Amino acid sequence: MLLKERLAKFASAIFAIFMLGIIVACAAATGISILRNGLGADSAAWVQATGSIAAIAGAVWLSSVESFRQRRYRRREREEVAWGVRFAIVLARNEAGEIANEIIDGKFSISIDSIRYWRQRCTNARYLLNNFATRSDHIHPAIVQEAGNAILLMEEMEADVEAISECIREKKEPGRQLIESICMYHVHFSSLLSRIDERMNGVREALDRGEDMLPLNELWRE
């Protein structure tokens, strides 16, 4: 793979040198024609040829620069979306941590008001995660996967909150296992954050190797 990249860069350099050589040769021929024959038909033809070749070389160079700029812009945009997914998971982890703290600080004393606030926190976090998970401009499928995992985790947390709410309505004490499950969700979200950071590091390294594009040819190389 490294050899192919070097050969491609070498070929581009050779092409640039070749085009520059042609332009210089045409310019020199134009100057010689003017010195020998003055501003006549021959010199005008050389001027036109030099201008045409320079225009072609300029168009090729501009196309290459614009292609690079578009790739870099697209990468930055999608990295920002990936950052948004990470922020949504951080928010979900923080909400889960706040709920766990409220349970521990209250020594497992749970009221209808606290259940209402928990629902609001879970719903807001899930809406934000859903917003990012349904986007089609992610930098890599792994980001979509982690957003989906976070949504599933939040849905499980909401189900546990509903189970506690049912216990409160029936004037029963929630079981210790259910309470411990609620208190562990912030740990699960922290694990998701660690994994998405690791995956994004790998994605960015791949983008660097592919010059701001995923090096898909590595997948099917012989």
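How far does helix H4 reach from its first C-alpha to its last? The answer is 42 Å for its 29 residues, 141-169, close to the 42 Å expected at 1.5 Å a residue (the expected span being 1.5 Å times one less than the number of residues). Just after H4, Lys 171 takes a positive phi of about 55 degrees.

A word on the ground rules. This is a predicted model, so local features need pLDDT of at least 70 and side-chain atom pairs count only at pLDDT 80 or more, while totals for chains, interfaces and linings use all residues. Numbering runs from 1 along each chain as its sequence is written, and side-chain values use heavy atoms, with hydrogens and water left out.

Zooming out, the chain has six helices and zero strands, read along the sequence as α-α-α-α-α-α. Helices (H or I, at least four residues) and strands (E, at least two) are DSSP runs, numbered from the N terminus. Of the 222 residues, 32% count as buried; buried means under 20% relative accessible area, exposed over 50%, and partly exposed in between, with a 1.4 Å probe and protein chains only.

Now look at helix H2. Trp 83 and Phe 87 both sit in it, four residues apart, about one turn of the helix. The structure holds one aromatic pair, and here it is: the ring centres of Trp 83 and Phe 87 are 5.8 Å apart and the planes are at 15 degrees, so the pair is stacked. (Rings of Phe, Tyr and Trp, the latter by its six-membered ring, pair if their centres lie within 6.5 Å; planes under 30 degrees apart are stacked, over 60 edge-to-face, the rest tilted.) Trp 83 counts as exposed because its relative accessibility is 58%, whereas Phe 87, at 42%, is partly exposed.

H2 (41-105) and H6 (185-209) each supply at least two lining residues, and H2 gives the largest share, six.

Finally, the cysteines: Cys 122 counts as buried because its relative accessibility is 2%, and Cys 167 is buried at 18%. The structure holds zero disulfides (pairs of cysteine sulfur atoms within 2.5 Å).
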